[in-house]
Amino acid sequence: MKRLGLLLLVVVVVIAAGVAIFLFKPASLPDVSAAQAKLPTGQALIDRGEYLTRAADCVACHTTAGGKPYAGGLAFKLPFGTIYSPNITADKETGIGNWSDAEFVRALHQGIDKDGQNLYPAFSYAAYAQMTTEDALAIKAYLFSLPPIKANAPKNQLGFPFNQRYVMRFWNLLFVPSGPLQPDPAQTAEWNRGAYLVEAMAHCGECHTPRNVFYAVDNGRKFAGAELQGWKAYNISSDKRTGIGGWSDQQLFDYLSKGHAEGRGAATGSMGEAVDFSLRHLTPEDIKAIVTYVKSVPPQTSTDNAVVEAEPATLTASTAYAPAADAQDGLGLKLFQGACASCHGWNGEGLQTPYAALKGSRTVNDPDGTNLIQVILKGAHMTTPQGRQSMPAFANAYSDVEIAALSNYVLGHFGGKQSAITPADVAKARTQ
């Protein structure tokens, strides 16, 4: 029995030592010399890095509203606390100006910072792990070509055990790919390019794929849609009813490159930002590759109810679906007539600009009204081939009761959806 006890003790000690080494051993730096040798030099490298930085949409997460690009400080409010994006300018005190090439690549591929600390996957390194080392180095070259900005991000607000960064090593072991995305020899070059842009660069799944219990993307439900920071990222799988399977290639191309597609409405919220900061800057060939890849993703049935059905038979000023009390419905009609009809039109086709079109938009076909409430509260803006397009924010102009009534009217009038949005729903949306 003594020998058995001693043997068990030895096994426990060995396991404990192995776990300790796994958790606390400093992560080694990758050898990036071969990748460095393949890169162009001078302005050609910076131009390549600028394009890839836009493709990866780095500015969206590392810039606050009205703040300086890449200076960090944007808050990510998650179920287990709030994480703030860091400064990724070349400032040596508050940014990444002292980072080596190898340290930068390690951060993108492994989620580990200069000091060897694990980063949190609010930073999309689980996607960027599939990026080539050459592309990661080009992004660094571009960021380091910009003026450094001195700006400290707020401290993360996380409780135990989420404030213990070393536990992320277990998460990384389970959910981070081990190397760059490999081309599929059974697919075309265009499809493979689209896969790389969608998976490794634009990280579309980070928003459009539901999360599992460990808050990692659930690729068993790839692109089935999810909700993040108070907005819905809709189903973009090839499902014909709840995804984009019914969209034509041209509609999807226009939506990604311009932020608007005939019969599908305009992008708003986080998707509007993705178009504005990233997608509209890509070449037509790359947008076409993205369309090819996304439309090949197996269909997933969405449960978000944002289904575009046949439009109501008559769209007139007097039309209202009457999902709520008559008084509220009348209030919604009155508000739409006073604040919305002059831009959106009673038929939803948009008057001054097609970007104001509502017909076919998922936003006005979702009975939950999640994105509709947000866009009424916060407004929308986008740079387009026709210039800057904007919708004002009405958060300060209308009460929760008024915005609830307006939302219910819009959903009934343009989507034919029976909704029951309450003032409490609007109050909650104001906090997100």
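Modeller: Rings of Phe, Tyr and Trp pair if their centres lie within 6.5 Å. Bear in mind that this is a predicted model.

Colleague: Which residues do ring pairs link into a cluster?

Modeller: Phe123, Tyr125, Tyr128, Trp171, Phe175 and Phe214. The whole structure holds twelve aromatic pairs.

Colleague: Why is the pair of Phe123 and Tyr125 called tilted?

Modeller: A pair of aromatic rings is described by the distance of the centres and the angle of the planes. The centres of Phe123 and Tyr125 are 6.0 Å apart, and the planes stand at 50 degrees. Stacked needs under 30 degrees, edge-to-face over 60.

Colleague: What makes Phe123 partly exposed?

Modeller: Its relative accessible area is 21%. Buried means under 20% and exposed means over 50%. Phe123 falls in between, so it is partly exposed.

Colleague: And Tyr125, buried or exposed?

Modeller: Buried. Tyr125 has 0% relative accessibility, and the cut-off is under 20%.

Colleague: What makes the pair of Phe394 and Tyr398 stacked?

Modeller: The planes are 15 degrees apart, and stacked asks for under 30. The rings are 5.6 Å centre to centre, against a limit of 6.5 Å. Phe394 and Tyr398 are both buried.

Colleague: How do you know that Lys140 lies over the face of Phe144?

Modeller: Lys140 is 4.0 Å from the ring centre of Phe144. The distance cut-off is 6 Å, and the charge must also be within 35 degrees of the ring normal. Arg211 likewise lies over the face of Tyr215, at 5.1 Å from the ring centre.

Colleague: How many disulfides are there?

Modeller: The count is zero. Cys204 is in none: the nearest cysteine sulfur, that of Cys207, is 8.6 Å away. For Cys340 the nearest is that of Cys343, at 8.5 Å. A disulfide needs sulfur atoms within 2.5 Å.

Colleague: Why is Cys340 called buried?

Modeller: Because its relative accessibility is 9%, and buried means under 20%.

Colleague: Where is Gly73 found?

Modeller: Gly73 is in the loop between helix H4 (58–61) and strand E1 (75–78).

Colleague: Why does Gly73 count as buried?

Modeller: Its relative accessible area is 16%. The cut-off is under 20%, so Gly73 is buried.

Colleague: Which residues is Gly73 in contact with, leaving aside its neighbours within four places in sequence?

Modeller: Thr64, Tyr84, Ser85, Ala153 and Pro154. Contact means heavy atoms within 4.5 Å. Ser85 is twelve residues from Gly73 along the chain, and their C-alpha atoms are separated by 5.1 Å.

Note on methods:
Residues numbered from 1 in each chain as written. Predicted model: local features only at pLDDT ≥ 70, side-chain atom pairs only at ≥ 80, totals over all residues. Heavy atoms only, no water. Helix = DSSP H or I, 4+ residues; strand = E, 2+ residues; numbered from the N terminus. Buried < 20%, exposed > 50% of the residue type's maximum accessible area, 1.4 Å probe, protein only.
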